[in-house]
Amino acid sequence: MKVGVVTFPGSLDDVDARRAAAVAGAEAVALWHGDADLHGVDAVVLPGGFSYGDYLRAGAISRFAPVMETIIKKAGEGLPVLGICNGFQVLCESHLLPGALIKNHHRKFICKDQGLRIENNRTAWTSDYDANHEITIVLKNQDGSFVADEATLDRLEGEGRVVARYLGNPNGSYRDIAGITNERGNVVGLMPHPEHAVETLTGPTTDGLGFFTSVLKAVVAS
Amino acid sequence: MARVVVDVMLKPEILDPQGKAVHGAFGRLGFDGVADVRQGKRFEITLDGEATEERVAEIRKAADTLLANSVIEDFTLHVETADVEAGQ
C-alpha cells in the first residue's frame, strides 16, 4: 500500500505528510510536481505550503503542473486524493472540488489547535471516524476562508459533502466549512492539518491519524 | 506592438479582506465619504505583433483559464495599441 505525497516548489508539509502515512502503516512515496508519473501509488496527498509562492492565487499555478494532469485524470477514475491546506486550494483550482479559498476574513495568519466535527465518515479518508466525531488538529493558514455561491453551498450540504466543520469559525469560511468531498467521496479537501496530529510528541493529539488509516482500508477494500 | 489589458475583480458577493483593510486606512488618513473599496488585479500583456482577433481570443482564453478563477472572480479585457497610448 503506497501513499504518494507531491512536492511542489514551495511545499512545506510534504515530509510531515509522508511521515503520517508511514505512521499509519503505509509506504510513503515522494512524488515530484514536474514528473507526471505517479509511480504506482494507491493514494495521493497534496500537502500544505505555499506552492509557487501562492503567486496569482493560492494553488492557481500548481494546478497546471505535470503531476496534476495525471492526478486529475486518476481522481476521475477513483484514486483517493487528499488535499491539505494548500493542497485543498490546488484541488479547488483544479475543479476537482467546488468553491475556492480566499484570505482569512481577519487578514491574519492563523496557527492554532482547532476543533472540528467530522460530518461525513463515508469518504475514502474519513471512514475510521465516527459520524459527528469531534477532533482537534492543527490549523495554520493565510488563505483559509472557504467560499462558494449559495447554490453550491446548498448542494454540498444537501448531498452530505461537508466532510468537516469548524467548532468556532476561525477564518470566515462560509457555513463553518473546513473540508469537503467530491460526489464519489474519493477526493477530500481539508484546510486544517491532520498530518501534524499523528504523534503526541509533536502534535496536540493523534486525532489526525484517522485520515491516513482510513485510506489504507479504502484501498484494501477496493 | 499591441498590449492587452486584463482586469480581474472578485465577484461582488465574495468578501474582499484586502479591500476592507484599504478602506479602513482611508478612514484613518482622513479621506472621508468613501463607502467601500474593492481590490483587484490588472495584467498588462504585451504581444509580439498586432492584436488580431485570433490573438485576442487566445488571451481571453488564457484569462479565463489562468488569470481569473471564475468561481470567485470576473474579468474584463481590452486592447491598447501603441498609437492609442501615444495619443493619450
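**View 1. A:Thr181 sits opposite A:Val188 in strand E11 of chain A.** Here E10 (residues 177-181) and E11 (residues 187-190) of chain A pair in the antiparallel sense over 3 bridges; strands pair if DSSP finds at least two bridges between them. Strands here are DSSP runs of E with at least two residues, helices are runs of H or I with at least four, and both are numbered from the N terminus. In this hairpin, with 5 residues between the strands, A:Gly185 has a positive phi near 85 degrees.

This is a predicted model, where local features need pLDDT of at least 70, side-chain atom pairs count only at pLDDT 80 or more, and totals for chains, interfaces and linings use all residues. Residues are numbered from 1 along each chain as its sequence is written, with chains lettered from A and ligands numbered from 1 in the order they are written.

**View 2. Three residues of chain A carry an "active site" label in an unreviewed UniProt entry: A:Cys85, A:His193 and A:Glu195.** They span 111 residues in sequence, but no two of their C-alpha atoms are more than 10.9 Å apart, so they gather at one spot. Such annotations may be inferred rather than shown by experiment; positions follow the numbering used here and feature names are shortened.

**View 3. A:Cys85 lies in the loop between E4 and H3 (86-93) of chain A.** A:Cys85 is buried, with 30 other C-beta atoms within 10 Å (buried means 20 or more, exposed 12 or fewer, partly exposed in between, with C-beta atoms placed from the backbone). Beyond four places in sequence, A:Cys85 is in contact with residues including A:Asn141 and A:His193 (contact means C-beta atoms, placed from the backbone, within 7 Å).

Note on methods:
Contact = placed C-beta atoms within 7 Å.
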